[in-house]
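Student: Could we go through this structure together, question by question, before I draw any conclusions of my own?

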Amino acid sequence: MAVERRVRLTEGDTMENGLRCPECGTYTTISDIIATGQCRRGGGRGECDVRLHVDVVVEG
Ligand SMILES: [Zn+2]
């Protein structure tokens, strides 16, 4: 059973519209993560097998 971890993003976790994968460190655009649920190293070649989701926290 997969374990879910939540990571609060900071400035260092994003670069040129990319989001750093907490598992392998690859930068992937947020739109690609939302579309595929994986980082650039995930999927076909299977070098990174974590699933990624992007949540927005709304306050107020
Ligand atoms: Zn990854």
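**Elements, sheet and core**

Tutor: Reading from the N terminus, the elements of this protein follow the order β-β-β-α, and the model they come from is a predicted one.

Student: How many helices and how many strands does the protein have?
Tutor: The order of elements from the N terminus on is β-β-β-α. Counted by type, the protein has 3 strands and 1 helix.

Student: Which strands stand at the edges of the sheet?
Tutor: The 3 strands form an open sheet, ordered E1-E2-E3, with antiparallel pairing. Two of them, covering residues 14-15 and 27-29, have a single partner strand each, so one side of each is left without a neighbour in the sheet. The strands at the edges are therefore E1 and E3.

Student: Which residue in E2 does threonine 14 stand opposite?
Tutor: Strand E1 is joined by 2 bridges to strand E2, residues 18-20, and these two strands run antiparallel. Within E2, the residue that stands opposite threonine 14 is leucine 19.

Student: Which residues make up the largest nonpolar core?
Tutor: In soluble globular proteins, nonpolar side chains tend to be buried together. Here, buried residues make up 13% of the 60 residues in the protein. The largest nonpolar core has 5 residues in all, namely Leu19, Cys21, Ile33, Cys39 and Leu52.

Student: Which residues does isoleucine 33 touch, leaving aside those up to four places away in sequence?
Tutor: Isoleucine 33 belongs to the largest nonpolar core, together with Leu19, Cys21, Cys39 and Leu52. Not counting residues up to four places away in sequence, the residues touched by isoleucine 33 are Leu19, Thr28, Cys39, Leu52 and Val54.

Student: How far apart in space are valine 3 and valine 54, C-alpha to C-alpha?
Tutor: Valine 3 is also placed in the segment before E1, and with 4 other C-beta atoms within 10 Å, valine 3 is exposed. In sequence, valine 3 and valine 54 are 51 residues apart, whereas in space their C-alpha to C-alpha separation is 16 Å.

Student: What does the C-alpha trace of the protein span along its principal axes?
Tutor: Among contacts between residues at least 6 apart in sequence, 13% join residues at least 24 apart. Along the principal axes, the C-alpha trace of the protein spans about 40 × 30 × 20 Å.

Conventions. Residues numbered from 1 in each chain as written. Predicted model: local features only at pLDDT ≥ 70, side-chain atom pairs only at ≥ 80, totals over all residues. Pairing = 2+ DSSP bridges. Helix = DSSP H or I, 4+ residues; strand = E, 2+ residues; numbered from the N terminus. Core = buried A, V, L, I, M, F, W, Y, C linked by C-beta atoms within 7 Å. Buried ≥ 20, exposed ≤ 12 C-beta atoms within 10 Å, placed from the backbone. Contact = placed C-beta atoms within 7 Å.
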